[in-house]
Amino acid sequence: GVLYNYDTTVLHTYPAGKTDTTFYVPESVREIALGAFGGNTYIRHVYLPESVEEIGNMAFVQCSNMVSVNIPANAVIEGNPFPWCPRLEDVVVDSNNSHLRYIPSEQALVSFDGDTLYYKAMDFGTLTIPEGVRYIAPYALAYHWKESEVVIREGVEELARCAFFSISARKVELPSALRIIGEECFAHCYHIARLDIQEGLE
């Protein structure tokens with residue numbers, strides 16, 4: 001079954017072999033642990049209660065059939081909870097959440113001020129970073145295998161560790177304002193033919 005801590009405030013592991021397509025997280029849970037739902041290919045809809053305050057990095061990694069999830073009013077994240085979720089189309093952020101917002105037209109999850117990109121849905125062709133983003137969070141675009149090109153708009157200053165881990169794009173355009181590229185940012189990106197690095201990068 002689902003593994004929690006002793007007082008059911010942390011959801012540690014949702015079994016990869018659990019075949020339910022819908023799951024309602026108990027109202028006692030305050031944290032979804034790192035990689036908690038990882039690798040479950042059956043789950044399609046996850047409902048998080050208002051009690052959830054933290055969603056761990058890669059919490060839903062490789063949930064390849066998940067199509068919808070909600071983010072409660074008090075929830076915060078550090079990096080992308082949804083790497084390798086190619087069917088995820090419906091991310092509903094509570095209107096009272098002062099940390100995060102979802103941009104439907106961009107299919108992107110960003111910080112409330114739009115400064116940080118946490119997640120962007122896969123798309124065929126060219127992937128373009130939304131306007132206003134300055135920081136691309138850990139694993140924000142990891143495992144994107146549909147796009148052939150990535151355009152990082154001017155204004156982006158930092159790419160976190162593993163931000164583009166294992167993408168399939170052949171071309172990546174870096175902005176002139178870029179100052180920091182995190183560790184393993186482009187690790188396992190075997191298809192990139194050329195990456196022009198500006199002087200002064202850290």
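A residue is called buried when its relative accessible area is under 20%, exposed when over 50%, and partly exposed in between (1.4 Å probe, protein chains only). By this scale Lys 171 is partly exposed, because its relative accessible area is 44%. The model is predicted, so local features need pLDDT of at least 70, side-chain atom pairs count only at pLDDT 80 or more, and totals for chains, interfaces and linings use all residues. Residues are numbered from 1 along each chain as its sequence is written, and side-chain values use heavy atoms, with hydrogens and water left out.

The protein has zero helices and 18 strands. Both are DSSP runs, numbered from the N terminus: helices are H or I with at least four residues, and strands are E with at least two. The radius of gyration is 17 Å, close to the 17 Å that the globule rule gives for 202 residues, so the protein is as compact as a globular protein of that length. This radius is taken over C-alpha atoms, and the globule rule is 2.2 Å times the number of residues to the power 0.38. Along the principal axes, the C-alpha trace spans about 50 × 35 × 30 Å. Buried residues account for 50% of the 202 residues. The accessible surface is about 9700 Å², and 46% of it belongs to carbon and sulfur atoms. Accessible areas come from the Shrake-Rupley method with a 1.4 Å probe; for residues, only the protein chains shown count as cover.

An open sheet is formed by six strands. Their order is β10-β11-β12-β14-β16-β18, and the pairing is mixed. Strands β10 (100–103) and β18 (180–181) lie at the edges, and each pairs on one side only. Two strands pair if DSSP finds at least two bridges between them. Strand β12 (residues 116–120) runs parallel to strand β14 (residues 135–136), and two bridges pair them. Here Leu 117 stands opposite Ile 136 of β14.

Ser 64 lies in the loop between β6 (54–55) and β7 (68–71). Ser 64 counts as buried because its relative accessible area is 19%. A contact means heavy atoms within 4.5 Å. Leaving aside residues up to four places away in sequence, Ser 64 touches Asn 40, Thr 41, Trp 84, Pro 86 and Arg 87. Across the protein, 23% of contacts between residues at least 6 apart in sequence join residues at least 24 apart.

A salt bridge is a side-chain nitrogen of Lys or Arg within 4 Å of a carboxyl oxygen of Asp or Glu. The count by this rule is nine salt bridges. In one of them, Glu 131 meets Arg 153 at 3.6 Å, N to O. This pair links distant parts of the chain, 22 residues apart. Glu 131 is in the loop between β13 (125–128) and β14, while Arg 153 is in the loop between β15 (147–151) and β16 (158–159). Glu 131 is exposed, at 65% relative accessible area. Arg 153 is partly exposed, at 28%.

Glu 149 forms a salt bridge with Lys 171, and their closest N and O atoms are 4.0 Å apart. This pair also links distant parts of the chain: Glu 149 in strand β15 and Lys 171 in strand β17 (residues 171–173) are 22 residues apart. The side chain of Lys 171 also meets that of Glu 173 in a salt bridge (3.7 Å, N to O). Glu 173 is partly exposed, with a relative accessible area of 33%.
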